[in-house]
Each structure stands twice: as C-alpha cells, then as structure tokens.
Amino acid sequence: MASRDEAKGIASSLPGRLRLRHAVLRRPAVNAALAAEIGGWPGVTAATGSAGTGGLLVVYDVETVGQAEMEARSAALVLSHVPEAPVDAADDDGDDAPDVWERVGALNRPAKIGMFATLGASMAALAVSRRVHAAFGGAYLGLLAIHLLKHRRKLVR
C-alpha cells in the first residue's frame, strides 16, 4: 500500500483501487465532474465520489493501467481543480472574515487547560464553601461548552 500523501489527495492506493481525499472534493459539482471524467478513462471500471466525505474511490484494471500511472493522473486531475485559496465547504460565501467555528477551534486548547484547572479548584473549594465550589463548577461548564462545540460533528454522528 502506498504511503498516505494528502498533499496530492491520495488517501490510499492498492493495485486496482485508489482512494482520493481532498477538500476540493467536498464540492458536489467538482466531485461529480471528476468522478465522471475519471470513470471515462481507459481501464477504469468504476469511479464513485462522495462530496460529504470529500472522497473519490477509483476501481481500475491493473492490466490496462499501472498503479503509479493511475496515482499520477488522478492526483494531477484533483490538484488542477484546487483554487488559489483554501477550500472550505462549510463556508463558501466568499467572505474572508474568520469563521465562528475557527475561533472556537482556536479556543479549544485554552478551554481544556481551563477545564483541568477549574475542576481541581472546584474539588478543593468544597472544603471552603459551597458557593465557591458552585462558581468553579459553573466556569468548568462554560469551558466544557467550548470544547463540545469544537467536537460537535464527532459527537452527533
């Protein structure tokens, strides 16, 4: 199996089977167009794409086309559709302002550190007073909300 090479869009490669993954493949029109084009190549028996995963699976006959040639042609085709700016399938409105979810992602590491600190402080505050304990618990829940927002897609599958 070939090594993972995300820069070229190749997720995995076995003789007769090639899986491509790239952000540009999350666009339904691009995904369908590339699947149709690759599907018409000599030796390709099937090319199916999924814009939801940003992937394209190519099944081909190794006797007709070699593994290296299929990898090179497919990667070149995918990269030819990559625009100058990075592709974000969730926010493609042309706005250059930072996305709310990008800001949440940037806050995730400090939120995890804060969760660790407030949890310990909340447990220690039990010896002092219930109000102090509740205040640290509230801070912990706020930081937990930031962490859960960051990982919302993985939690709701």
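Mentor: Start with a term. A residue is called buried when its relative accessible area is under 20%, exposed when that value is over 50%, and partly exposed in between. Keep in mind that this is a predicted model.

Trainee: Then is T118 buried or exposed?

Mentor: T118 has a relative accessibility of 12%, so T118 counts as buried. Its place is in helix α3.

Trainee: Which residues is T118 in contact with, leaving aside its neighbours within four places in sequence?

Mentor: A contact means heavy atoms within 4.5 Å. By that rule, T118 touches F136, A139, Y140 and L143.

Trainee: How does L119 compare with the cut-offs?

Mentor: L119 also has its place in helix α3. Its relative accessibility is 40%, so L119 counts as partly exposed. Together with M123 and L126, L119 makes a nonpolar surface patch of about 290 Å².

Trainee: Which residues gather in a patch of positive charge?

Mentor: In such a patch, like charges are joined within 9 Å, and its residues have over 30% relative accessible area and no salt bridge. Here R109, K112, K150 and K154 form the positive patch on the surface. R109 belongs to helix α3, which covers residues 100-125. With a relative accessible area of 62%, R109 is over the 50% cut-off and therefore exposed.

Trainee: How far apart are A106 and K150 in sequence and in space?

Mentor: There are two distances to read. A106 and K150 are 44 residues apart in sequence, while their C-alpha atoms are 9.1 Å apart in space. A106 is another residue of helix α3, and its relative accessibility of 58% means that A106 counts as exposed.

Trainee: What share of contacts in the protein chain join residues at least 24 apart?

Mentor: Count the contacts between residues at least 6 apart in sequence: 55% of these join residues at least 24 apart.

Trainee: How many helices and strands does the protein chain have, and in what order do the elements run?

Mentor: The protein chain has five helices and four strands. Read from the N terminus, the order is β-β-α-β-β-α-α-α-α.

Trainee: And what are the totals for burial and surface?

Mentor: The protein chain has 157 residues, and 27% of them count as buried. Its accessible surface is about 9900 Å², with 60% belonging to carbon and sulfur atoms.

Technical notes: Residues numbered from 1 in each chain as written. Predicted model: local features only at pLDDT ≥ 70, side-chain atom pairs only at ≥ 80, totals over all residues. Heavy atoms only, no water. Helix = DSSP H or I, 4+ residues; strand = E, 2+ residues; numbered from the N terminus. Buried < 20%, exposed > 50% of the residue type's maximum accessible area, 1.4 Å probe, protein only. Areas by Shrake-Rupley, 256 points an atom, 1.4 Å probe, with all protein chains shown as cover. Patch = residues over 30% accessible without salt bridge, like charges linked within 9 Å, V, L, I, M, F, W, Y side chains within 5 Å. Salt bridge = Lys/Arg side-chain N within 4 Å of Asp/Glu carboxyl O. Lys, Arg positive; Asp, Glu negative; His and termini not counted. Charge placed at Lys NZ, Arg CZ, Asp CG, Glu CD.
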